[in-house]
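The following briefing covers a predicted model.

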Amino acid sequence: MRHGHASAASGDGPLVLVSGATAVPRGFYAAFAMAIVEAGARAALIYDYRGVGGSTRPQGWKRRIDYRDWALVDMPATVPLPRKPPDEAVVSVPAAVAEP
């Protein structure tokens, strides 16, 4: 299970998804997410990719967790959180993800 934290406010701005840099736990971005909310965003979501920070390797997962899993599975899985009406914008703030 991936772990995340949403900071919500009464702002009327967009929902903001903050995707961290490679292998950087979500806590590193907590102050940034709060600043986004204080600047008027309705909410900001920070999360850990699977196998990083508070997120453990899925039970029974056999192969190496890699960048494709984070980009194609983990990041899209966050979009429904928090639930949003269809007319509200979602803004993504990705950090660098680079394969060594």
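S19 has a relative accessibility of 1% and therefore counts as buried; buried means under 20% relative accessible area, exposed over 50% and partly exposed in between, with a 1.4 Å probe and protein chains only. This residue is found in strand 2. The model is predicted: local features need pLDDT of at least 70 and side-chain atom pairs count only at pLDDT 80 or more, whereas totals for chains, interfaces and linings use all residues. Residues are numbered from 1 along each chain as its sequence is written, and side-chain values use heavy atoms, with hydrogens and water left out.

**Surroundings of S19**

- The side chains of S19 and Y47 are joined by a polar contact of 2.7 Å. Such a contact is a pair of N or O atoms within 3.5 Å; within protein, one must be able to donate a hydrogen and the other to accept it, and residues adjacent in sequence count only if both atoms are side-chain atoms.
- Neighbours within four places in sequence aside, S19 is in contact (heavy atoms within 4.5 Å) with Y47, Y49, M75, V93, P94 and A95.

- Strand 2 spans residues 15–19, and because five of its five residues are buried, it is largely enclosed by the rest of the structure. Helices (H or I, at least four residues) and strands (E, at least two) are DSSP runs, numbered from the N terminus.
- In a regular strand, side chains alternate between the two faces of the sheet. Here L15, L17 and S19 point one way from strand 2, while V16 and V18 point the other way.
- Strand 2 and strand 3 (residues 43–47) run parallel and are joined by four bridges; two strands pair if DSSP finds at least two bridges between them. V16 has A44 as its bridge partner in strand 3.
- Strand 4 (residues 90–94) also runs parallel to strand 2, with five bridges between them. The bridge partner of L15 in strand 4 is V90.
- A right-handed β-α-β unit is made by strand 2, helix 1 (residues 30–38) and strand 3. Right-handed means that, with the strands pointing away from the viewer, the path from the first strand over the helix to the second runs clockwise.

**Nonpolar cores**

- The largest nonpolar core has ten residues: V16, V18, A21, Y29, A33, I36, V37, A41, A44 and I46. A core of this kind is a set of buried Ala, Val, Leu, Ile, Met, Phe, Trp, Tyr and Cys residues joined through side-chain atoms within 4.5 Å.
- Strand 2, helix 1 and strand 3 are the elements that give two or more residues to this core. Helix 1 provides the largest share, three residues.
- Another core lies apart from this one and has eight residues, including L45, Y47, Y49 and V52.

**Aromatic pairs**

- There are two aromatic pairs, the rule being that rings of Phe, Tyr and Trp (its six-membered ring) pair if their centres lie within 6.5 Å; planes under 30 degrees apart count as stacked, over 60 as edge-to-face and the rest as tilted.
- The rings of F28 and Y29 form an edge-to-face pair because their planes are at 80°, with centres 5.1 Å apart. F28 is exposed, at a relative accessible area of 63%, whereas Y29 is buried, at 12% relative accessibility.
- The rings of Y47 and Y49 are edge-to-face as well, with centres 5.3 Å apart and planes at 80°. Both Y47 and Y49 are buried.

**The chain as a whole**

- The protein chain has two helices and four strands, which run β-β-α-β-α-β from the N terminus on.
- Of the 100 residues in the protein chain, 30% are buried.
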